[in-house]
Amino acid sequence: MTAAIIAALNILTKPLGEVSGCNDQISKEEALLSALQANRDVLLQRLNSDYSLQEARRLREDVMAGATWLLNDTEDVTWGFVQECLLLLLSLARHLSAELKRFRQTSAPSAKLRTPEMAPPLPPDVLSFTQQKTVGAALQFVVSLGLCPYLAPGVGVTLGHRSAFATMVEKIVCVQTAVVTPHHLLTTTTTLLDFAELSSLATLVFTRHLGDVMAALCQLGYQPQQSKASSTKDVQVLSEEERRNIQEALQSLLVKVYQPVVIKELLILQGGAKQSGPIGSSSGSKSRTAPGWLRRLCGQLLSERLMQPNGVQAVVRAILEGGTGGESDWKKCDSIAKILTVCPQQSASADTYYKQVCFQILELLHLKDKLTAQQFQCVATRATLYLVQEKTSFAQPYLLVPLLDPLYRCITATDDVHCQVAVEEWEMTQCVEDINKIWVVGNSPSAPLFRALEEVLPVVFTLFCFTKQNFANLRSPCQDILLWYLRHAETSGVLSLLRQLSGLHCQKNDVATGFHFTPGSNGGVQLSWKDSCSDEDDALYEKLSGEQLRLECLTHLLAELKDSDVPGDFFLALLQELTSWTAVAAEEEEEDGQQLAISAMTLLEVEQQQQSQADRQGHTLALLQVLAIMVESLQHTVILRKSIQVVDFIVALLQRACIGLFQANGVIFGNPIDNQTLSMGMGLVATLLSGPQLSAEVYSSMSRLLQPLGTLSQQHPELFVQELASNLRAVIATHGAYRPDNLTTSASPGSKDSEMLPKSDSLPSMKRNTIKKKKAQPFPPSLLSVNNNLKQSHIKQPASSGDSVAGETSRSSTAFSDLLLEACDPDIPTRAFALRHLTQLMHSRDQETVQAQEKVLILFLENLEHEDSFVYLSAVQGLASLADSYPERILERLLKDFQHGPSLSTSKKDRSLEFRLKMGEVLMRASRAMGELAPHLGRPLVAVFLRGTRDSDQNVRASSLSNLGELCQRLNYALGPLAQELSSCLTALIKTEKEAEVRRAAVHVITLLLRGLSDKTTQILSDVLLDLYRALKWVVQSDSDEVAVLHAQLGLEELDDIMRSLIFPKQKLEKKIVVLP
């Protein structure tokens, strides 16, 4: 039956070339009409005469009997053709529905009859590709001849804008329909809807003709009615019941079809036809815009689609699907965001609209599809930013509060949830990622965004501190959020936040008391109840370590702000606060100096006074701690990156100096710190003023220095400081017009600071020189002016070169003697410094040090026995340098001491084992430094190390094996004669040694040997390679020590790589030139 109906449709829609080409004088329109009429006549003839089409004819007659819209005596060729197509399509739909119903009622074959290769039975409504093509052609004739020509102007896309053939069809229908049956459009539309009730057939209709069907339904159901007297072909006069049925059909269709496609078609209907001429026509046509009633209807339907569940996502997909991600797509994203921001007129209330839309906007941020997530997140970000800026009253409760809700719950968590997690891991991760997308990626600073973020920034910072000491995937997003706020917020808000985060202000909006962050199971973070600590010491330690961690994290954030003034502004604000606290402390001390009648005060007043003093002192200590950490952790180029900030720093220094001056009544000799502070401040001022031409802005900022400099020039007790302050004040006041010649020289602190050097003669000369050098530069060298350096580089040298050489030799001899003395100094840093200096001299082949190498050797050997690691490691480094420079003489002495213990008369025999182990470290470093000389110098070392493997002490045996491994991997072919002996030693130790450490070392020697020889292993160790392999396998299978097994596995991997490279060498593309004889 299906094949018969499809055959009838094929007869009706098959083109007849002989009809169209029989007469070249007739027009194309007449030829098309002739073809339609001829196809219809052929179909009717075949239905009556062809036996194979009898079933199709009976089914067609049944459909005709129930078709009230059928016109048997119509003279319209096109409508007659459309009627035949509709009858056959309805016959096909009725037949397939009946067959499908019987198919569903038929029981499936039993499981016993099924085989794994058997495919499931095919439903009867499935059409082949050829059948689908035939049905599609019939549907195209129906839409082109029976639907589109009857649409009102501006409703849908007219046929003239589709193709040249469609333009010809439009002309035919317009000529033939002088008298229009009013229900032609209704008949075609309802018949197509009936045909599309079967899902397999609906796909054929709506994939290509959805827009035309929707346009017809809109016109039939919503076009304003006119009187029958004025009825024309563009007006369909329908009853109210028919219109109501059409409206219900439209709503049903909009719900069933994929929503992005529906929205796309509604947008096309709302926009009307494009302004362009028909394809194939020589003249353009006027643009037909959609009528007002259609635009309003489409707007209402689009609003309904938007406010449905996932409506926003459907709108975005409708506009962006098929995009390439280029600039045009990003513009579309911005346009969609603006559309979502505006509440449609058809909406019942703005509150309802924004409540539904904001929730869907947040859902766009959480899409997992990588192909579309980027564009969807762009729409969500832009829409959020527009809503926050333009609709703040709706964005705050419906967008920002739900987005930040997990962080709000971190602040307001109560102890009634201590049995469970307060904020889940996925909630925290999603919240932080959403903030990063909106604030950081969106990057559109605004006051509402700042206010919303400020409420949760303390929680974000606490979360960032937690991720710094744990492995969590939220570290980078938290850091980006904090840095974004610090870069874009106003300075006052940033400084207030930094004070709070550093602990200088009371904590607010932080994690609730009794809760803390814990690692999640998926690499995230969750908020859970914190068990109380019963031990007071542990609680205090936890509190102090937490405060220290917060300060370190804060300085880390400030260090990232290299191009921002925030670190400098915060540092200067703290300095200014410290200055004010210093003044307050001075006033309090002055008040305390007066005899207060404590007896006249109540106990409560005394307690309050003491508490206030304790609070002030605690705040001052916290302030000093923050300043200390900033100075230690941040570079001066980050803290003071501008000249104005340097001036503010100097102002704070000089103000503190003036406060100390007032406090001491002009006498400040007793406080060297204040002297250094004042010296550094005035030196910085002199350096700035002696530099290049300063701008008027810098001089304007320097005007604040006039008052403290004037105070110092009048009240400081030292004449030198008074003169320098007066000169600096004059230069600043005249903007550089007056500049004394000795400004930079007088500002140099060397002359005055030399009086403050230590006077003790007990210090070694090297230490005294170091102290002098440090005192010569009380302020950073990077702040010195370039001009001063240039001037100093042009100082003339003495004329007598002989005197200079003699002086240098004398100073060098004195320095070397001082080094020898300091190497015996009881002060550990001094001794270690001298040993390292001697090592450097030996490495650089200093002449005097080379001549006294025996003394240096004895000195290093004596210090090798020292208990402090800082000293004996310096001696180890020195001995290794000596062995590298003079291996023939030094190595023999070192090997003797390694075998038999210390040979010096002053050595302690009871510490011989410790000395031998330290000597083993020296020999290992010497082996590493031999390089290509190892085959020449290494033979004596191999013999000593092999004998060391039989030592009575396990530590010496392990040390000998470790050194043997380091040396053997550098011997290359020189190892060949020793291979058998080495293999026997290692194999015996692996199988007979009781100590696990020695077995580990023996296995490690084999691993290092294989790793060092690499490709040469099979050549050098060909005789013992099998024994070494068996030894490694024995360890893996039989040894009980896990570390030894691990070393053996690594050795087997090295051997596996070697053998693979031997059996499967890498293919090299190289050319060989052979010279024939």
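Good morning. The protein chain in this structure exposes about 56,900 Å², and carbon and sulfur atoms supply 53% of that area. Please keep in mind throughout that this is a predicted model.

Let me continue with the chain as a whole. Its secondary structure comprises 51 helices and two strands. Of its 1077 residues, 46% count as buried. As for contacts, if one takes those with a separation of 6 or more, residues 24 or more positions apart account for 73% of them.

I turn next to the two strands. Strand β1 covers residues 515–519, and strand β2 covers residues 525–529. The two run antiparallel and are joined by five bridges. Within this pairing, T518 stands opposite Q526 of β2. The hairpin they form has five residues between the strands, and in this hairpin G523 adopts a positive phi near 90°.

What volume does the largest pocket have? The computed value is about 1,300 Å³. Its lining consists of 34 residues, and those closest to the centre of the pocket are K530, E542, K543, G546 and R550. Which elements each supply at least two residues of this lining? They are α21, residues 457–468, β1, α24, residues 536–560, and α26, residues 603–633. The element that gives the most is α24, with 11 residues.

I shall discuss the second largest cavity, which holds about 40 Å³ of space. Its lining is made up of L551, L554, T555, L558, F570, V626, I629 and M630. Both α24 and α26 supply at least two residues of that lining, and the largest share, four residues, comes from α24. How do the residues of this lining divide into nonpolar, polar and charged? There are seven nonpolar residues, one polar residue and no charged residue. Is S960 buried or exposed? S960 counts as buried because its relative accessibility is 0%, and the cut-off for that class is under 20%. Leaving aside residues up to four places away in sequence, S960 touches F898, F945, G948 and T949. One of these, G948, is 12 residues from S960 along the chain, and their C-alpha atoms are separated by 5.5 Å.

The other residue is Q83, which has its place in helix α5, residues 77–105. With a relative accessible area of 1%, Q83 is buried as well. Which residues does Q83 touch, again not counting those up to four places away in sequence? The contacts are with W69, L70, L71 and T74.

Thank you for your attention.

Technical notes:
Residues numbered from 1 in each chain as written. Predicted model: local features only at pLDDT ≥ 70, side-chain atom pairs only at ≥ 80, totals over all residues. Heavy atoms only, no water. 1 Å grid on protein atoms, 1.4 Å probe; cavity = no way out; pocket = protein on both sides within 12 Å on 5 of 7 lines; lining within 4 Å. Points joined across faces, edges and corners; volume = space filled by probe spheres on them. Pairing = 2+ DSSP bridges. Buried < 20%, exposed > 50% of the residue type's maximum accessible area, 1.4 Å probe, protein only. Contact = heavy atoms within 4.5 Å. Areas by Shrake-Rupley, 256 points an atom, 1.4 Å probe, with all protein chains shown as cover. Nonpolar A, V, L, I, M, F, W, Y, C, P; charged D, E, K, R; others polar.
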